[in-house]
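Entries follow in the order I looked things up.

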Amino acid sequence: MSTPALPGEQQVAATAHSSGYAIEFDNVSIAFDEKVVLDGISFKLPCAETKALFGVAGSGKSVLLKLAMGLIRPDSGRIIMLGEEVTRMTERELFELRGRVGIVFQESALFDSLKVWENVAFRLMENKIAPDEIERRVRESLKFVELEQTYDMFPSELSGGMRRRVAIARAIVSHPEVLLYDSPTGGLDPVTSNTIVELIMKQRDVYKTSALMVTHRLQDAFTMASHEFDKKKNEMVAIPKGQRGEVPMSFLILKDGKVIFDGDAQQLAASRDEYIREYIS
Amino acid sequence: MALELELTSPIDVAKNAVASVQDYVRLSAQSVGNFFRPPIYMGDMLQQADLIGFGSLPIVILTGLSVGALLALNSASTLQRFGGITLIGQLVSLGMVTELGPLITGLMVAGRNASGMASELGSMIVTEQIDAMRALGTDPSKKLITPRVGATAFMLFFLTIIADLLGLVGGWAVAHLLFGLDTNQYWTSAWQILVFRDVFTGLVKPVLFGFIISTVGCYYGMSTTGGTQGVGRSTTQAVVASSVLILIVDFFVTKLIFAVFGVR
């Protein structure tokens, strides 16, 4: 299947940072009501790479995304996003940094009192972009997620999958340098899931956007590790087996608040850890 | 399902109460401070002014008229016994302008709008819309709270003036139609009894009440936890807390004004 043309295709969002990493977690811990959710988490997300985050429900995957965004503060440790230390920034300083990051929430978190186009345009309107430019970019983003026809609709009129795609359109409309996806395919049918995986892949391969993707669906992450987006064909294509190591895709597995695996698809497949074998089987 | 009761130590209860007050004060201070830090969301403020001000107009008209009429009706029989029915205009005027107008309008708007704010913001919290707003680089305090605080304080001022006037109209209707008091006499006595202190009292209170209604409504909305049930709880708490706070503040403001201007 194919997806429509990209918004502002000439623009490539990936920005190299001195460290070469888009996100760095250094010994980050957080507890809620004395329950430790993340315990000394450390990992790095290289620029232009997509990292899939796995873990059982309640393992702190969504918390990790919110920490990266500075929406909640860790009890200890450092988080660096796009070269800025999130854990030392004030809320006001964070608002600027967040302008360079896009996030897709688990339940989409669309503003239900605003129309679809207003949701997508929210950040652009806040940045006082000219109305004509806003309309052009909103239409492009909606076309990217194949939802142009929903322009004037309210979120309550859309299906779950459509809402998720509008959330993606809202996240990418400002061409962010980093994207955070919280279960983008959760609870969706296989066809819609594939469409969304393809959209995420397109962001990775064409825009070179760095991304953290929380997911429960291993097959989505494996599809992303074994396919690439072909710009000419405008669809994803399978990569021959010998070349799969070149795909900027990695996996991170959380268990009991700790990272038990951080590596690529081949390392994951070769892992002898019982829990990991059981998880991926 | 077994019902488990958890014992909480009095120290924890006290700590939570202090933390809540601290959060409320911080939210209130931030909402005022935002007026001096751009961006100012004038469009949102106008929208809220429309919702709060014009939306509350019917209920304010109704209560203003009723309270003025009831005040006249209840006091008329006593005044008549002492041959003082002509004083009814003064009584309604003083009662409405200094006390009942601001208080009743405040309580009505608290019931209507503190609940509305708490439920709207609470729903946004539980559906992660507030987090989404922060993630999109917008300060919810500036975008959602400050416009509500500004609009409520501003509109309650005018709503109270309307309630005062309608209260006087209600009082006149009773005095004139039921007790045969001359219209001119009623309005002249109602007008002449008022001095600067009375009008000042009557116009300062609604601004304070508007601030209380909006900050309490927003505070309970923004601190909502526990899904839709939590939204319901926040809504109820917002109405109760803002109403109680209005009554307490009303007492102390009245005392303060008496202390500054002296008792009549």
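This is a predicted model: local features need pLDDT of at least 70, side-chain atom pairs count only at pLDDT 80 or more; totals for chains, interfaces and linings use all residues.

Entry 1: Is B:V97 buried or exposed? I counted 25 other C-beta atoms within 10 Å of B:V97. The cut-off for buried is 20 or more, so B:V97 is buried. I found B:V97 in helix α3 of chain B.

Next I asked which residues B:V97 is in contact with, leaving aside its neighbours within four places in sequence. My list reads B:D164, B:L194, B:D198, B:V199 and B:G202. I picked B:V199 to follow up: it sits 102 residues from B:V97 along the chain, yet their C-alpha atoms are separated by 6.6 Å.

**Entry 2: chain B as a whole.** I then zoomed out. The C-alpha trace of chain B spans about 65 × 45 × 35 Å along its principal axes. Of the 264 residues in chain B, 41% are buried. I also checked contacts with a separation of 6 or more in chain B: 88% of them come from residues 24 or more positions apart.

**Entry 3: helix α8 of chain B.** How far apart are the end C-alpha atoms of α8(B), and what should the helix span? Helix α8 of chain B covers residues 227-261, which is 35 residues. At 1.5 Å a residue these should span 51 Å, and the end C-alpha atoms are 49 Å apart, which agrees.

I noted the buried residues in α8(B): B:V231, B:S234, B:T235, B:A238, B:V239, B:S242 and B:I246. Their cover includes α3 (88-126) and α7 (196-222) of chain B. The α3 of this cover is the helix where I found B:V97. After α8(B) comes B:G262, with a positive phi near 85°.

**Entry 4: a helix crossing.** How do α1(B) and α5(B) pack? I looked at α1 (residues 10-33) and α5 (residues 140-177) of chain B, and their axes are 9 Å apart at an angle of about 85°. Angles of 65 to 115 degrees count as roughly perpendicular, and these two helices are therefore roughly perpendicular to each other.

On the α1(B) side I wrote down B:L27, B:Q30 and B:S31, which meet B:S141, B:I145, B:T146 and B:V149 in α5(B). The residues of this contact divide into three nonpolar, four polar and no charged.

**Entry 5: where the chains touch.** I counted 11 residues of chain B in contact with 13 residues of chain A. The chain B side of this contact divides into three nonpolar, four polar and four charged residues.

**Entry 6: strands in chain A.** What is the order of the strands in the open sheet of chain A? I read four strands, β2-β1-β4-β5, with antiparallel pairing. The edge strands are β2 (35-46) and β5 (84-85) of chain A, each pairing on one side only.

Within that sheet I traced β1 (residues 21-32) against β4 (residues 76-81) of chain A, and five bridges join them. One bridge I marked puts A:S29 with its partner A:S76 in β4(A).

Further along chain A I looked at β11 (residues 249-255) and β12 (residues 258-263), which run antiparallel and are joined by five bridges. A:K255 stands opposite A:K258 in β12(A). These two strands form a hairpin with two residues between them. In the turn, A:D256 has a positive phi of about 50°.

How values were computed
Residues are numbered from 1 along each chain as its sequence is written. Chains are lettered from A and ligands numbered from 1 in the order in which they are written. Two residues are in contact if their C-beta atoms, placed from the backbone, lie within 7 Å. Ala, Val, Leu, Ile, Met, Phe, Trp, Tyr, Cys and Pro count as nonpolar, Asp, Glu, Lys and Arg as charged, and the others, Gly among them, as polar. Two strands pair if DSSP finds at least two bridges between them. Axes are lines fitted to C-alpha atoms, for helices over the stretch in contact, and angles run from 0 to 180 degrees between N-to-C directions. Angles under 35 degrees count as roughly parallel, over 145 as roughly antiparallel, 65 to 115 as roughly perpendicular and the rest as oblique. A residue is buried if 20 or more other C-beta atoms lie within 10 Å of its own, exposed if 12 or fewer, and partly exposed in between; C-beta atoms are placed from the backbone. The expected span of a helix is 1.5 Å times one less than its number of residues.
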